[in-house]
Amino acid sequence: MKNVTFRVDDDRLVEKAKLKAISINRSLNDLFIEWLKNFSNEKDENFNYKKYISKFNHIKIEKKYSRDEMNER
(Lines give C-alpha, C1' and ligand atoms only; values in the text may rest on other atoms or scores of the structure.)
Protein backbone atom coordinates (compact mmCIF):
# COMPACT_ATOMS: atom_id res chain seq x y z
CA MET A 1 0.00 0.00 0.00
CA LYS A 2 1.30 3.43 -0.96
CA ASN A 3 0.59 6.54 1.11
CA VAL A 4 0.05 9.79 -0.79
CA THR A 5 0.20 13.27 0.73
CA PHE A 6 -1.38 16.36 -0.81
CA ARG A 7 -0.88 20.01 -0.01
CA VAL A 8 -3.99 22.18 -0.39
CA ASP A 9 -3.74 25.94 0.06
CA ASP A 10 -7.46 26.43 0.66
CA ASP A 11 -8.69 24.72 3.86
CA ARG A 12 -12.30 25.41 2.86
CA LEU A 13 -11.82 23.28 -0.25
CA VAL A 14 -10.93 20.23 1.85
CA GLU A 15 -13.85 20.81 4.21
CA LYS A 16 -16.29 21.16 1.30
CA ALA A 17 -14.95 17.95 -0.23
CA LYS A 18 -15.32 16.10 3.08
CA LEU A 19 -18.91 17.28 3.48
CA LYS A 20 -19.77 16.27 -0.07
CA ALA A 21 -18.18 12.84 0.44
CA ILE A 22 -20.16 12.37 3.66
CA SER A 23 -23.37 13.37 1.89
CA ILE A 24 -22.90 10.52 -0.59
CA ASN A 25 -21.71 8.07 2.10
CA ARG A 26 -18.17 7.85 0.75
CA SER A 27 -14.74 8.79 2.04
CA LEU A 28 -12.25 11.09 0.35
CA ASN A 29 -9.89 8.14 0.20
CA ASP A 30 -12.43 5.99 -1.68
CA LEU A 31 -13.18 8.82 -4.08
CA PHE A 32 -9.50 9.42 -4.71
CA ILE A 33 -8.90 5.74 -5.48
CA GLU A 34 -11.87 5.76 -7.85
CA TRP A 35 -10.52 8.87 -9.55
CA LEU A 36 -7.04 7.36 -9.77
CA LYS A 37 -8.40 4.22 -11.44
CA ASN A 38 -10.40 6.27 -13.93
CA PHE A 39 -7.48 8.59 -14.57
CA SER A 40 -5.12 5.73 -15.28
CA ASN A 41 -7.76 3.90 -17.36
CA GLU A 42 -7.35 0.87 -15.17
CA LYS A 43 -10.48 -1.26 -15.27
CA ASP A 44 -11.68 -3.11 -12.20
CA GLU A 45 -12.01 -6.75 -13.28
CA ASN A 46 -14.46 -7.46 -10.45
CA PHE A 47 -17.11 -4.94 -11.48
CA ASN A 48 -19.69 -4.57 -8.74
CA TYR A 49 -22.98 -3.53 -10.36
CA LYS A 50 -24.80 -2.88 -7.07
CA LYS A 51 -22.01 -0.62 -5.84
CA TYR A 52 -22.02 1.25 -9.16
CA ILE A 53 -25.79 1.77 -9.12
CA SER A 54 -25.73 2.87 -5.46
CA LYS A 55 -23.75 5.95 -6.55
CA PHE A 56 -26.92 7.21 -8.19
CA ASN A 57 -29.33 6.72 -5.27
CA HIS A 58 -29.55 10.49 -4.84
CA ILE A 59 -31.31 10.86 -8.23
CA LYS A 60 -35.08 10.88 -7.87
CA ILE A 61 -37.52 10.92 -10.78
CA GLU A 62 -40.79 12.45 -9.65
CA LYS A 63 -42.73 12.09 -12.88
CA LYS A 64 -43.61 8.91 -14.74
CA TYR A 65 -42.82 9.58 -18.40
CA SER A 66 -44.78 8.02 -21.23
CA ARG A 67 -43.04 6.11 -24.00
CA ASP A 68 -43.65 9.01 -26.41
CA GLU A 69 -42.14 11.52 -23.96
CA MET A 70 -39.05 9.39 -23.42
CA ASN A 71 -38.51 9.02 -27.15
CA GLU A 72 -39.19 12.67 -27.96
CA ARG A 73 -36.27 14.45 -29.60
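Q: Which side chain meets K63 in a salt bridge, and at what N to O distance?
A: The partner of K63 is E69, at 3.0 Å, N to O. A salt bridge here is a side-chain nitrogen of Lys or Arg within 4 Å of a carboxyl oxygen of Asp or Glu.

Q: Why would such side chains pair?
A: Opposite charges can pair when the charged atoms come close.

Q: Where do these numbers come from?
A: This is a predicted model: local features need pLDDT of at least 70, side-chain atom pairs count only at pLDDT 80 or more, and totals for chains, interfaces and linings use all residues. Residues are numbered from 1 along each chain as its sequence is written, and side-chain values use heavy atoms, with hydrogens and water left out.

Q: Back to that pair. Are K63 and E69 buried, partly exposed or exposed?
A: K63 is partly exposed, at 43% relative accessibility. E69 is partly exposed too, at 35%. The cut-offs: buried means under 20% relative accessible area, exposed over 50%, partly exposed in between (1.4 Å probe, protein chains only).

Q: How many salt bridges does the structure hold?
A: It holds 5. One of them joins R12 and D10, at 3.4 Å from N to O. R12 counts as exposed, at 64%. D10 is partly exposed, at 33%.

Q: What does K18 pair with?
A: K18 forms a salt bridge with E15, and their closest N and O atoms are 3.9 Å apart. Both lie in helix α1, 3 residues apart, which is about one turn of the helix. K18 has a relative accessible area of 38%, so it is partly exposed. E15 is partly exposed as well, with 44%.

Q: Which residues are linked in a network?
A: R26, E34 and K55 are linked in a network of salt bridges.

Q: New topic. How many helices and strands are there?
A: There are 4 helices and 0 strands. From the N terminus on, the order is α-α-α-α. The radius of gyration is 18 Å, well over the 11 Å that the globule rule gives for 73 residues, so the protein is more spread out than a compact globule.

Q: What counts as a helix, and what is that rule?
A: Helices (H or I, at least four residues) and strands (E, at least two) are DSSP runs, numbered from the N terminus. The radius is taken over C-alpha atoms, and the rule is 2.2 Å times the number of residues to the power 0.38.

Q: What does the C-alpha trace span?
A: About 50 × 35 × 25 Å along the principal axes.

Q: And what share of the residues is buried?
A: Of the 73 residues, 1% count as buried.

Q: Which residues form the nonpolar patch on the surface?
A: They are F47, Y49, Y52, I53, F56, I59, I61, Y65 and M70, with about 1,000 Å² of accessible area together. Patch residues have over 30% relative accessible area and no salt bridge; like charges are joined within 9 Å, nonpolar side chains (Val, Leu, Ile, Met, Phe, Trp, Tyr) within 5 Å. Areas come from the Shrake-Rupley method with a 1.4 Å probe; for residues, only the protein chains shown count as cover.

Q: Which helix gives the most to the patch?
A: Helix α3, residues 49–54, with 3 residues.

Q: Where is Y65 found?
A: Y65 is in the loop between α3 and α4 (67–71). Y65 counts as partly exposed, at 43% relative accessibility.
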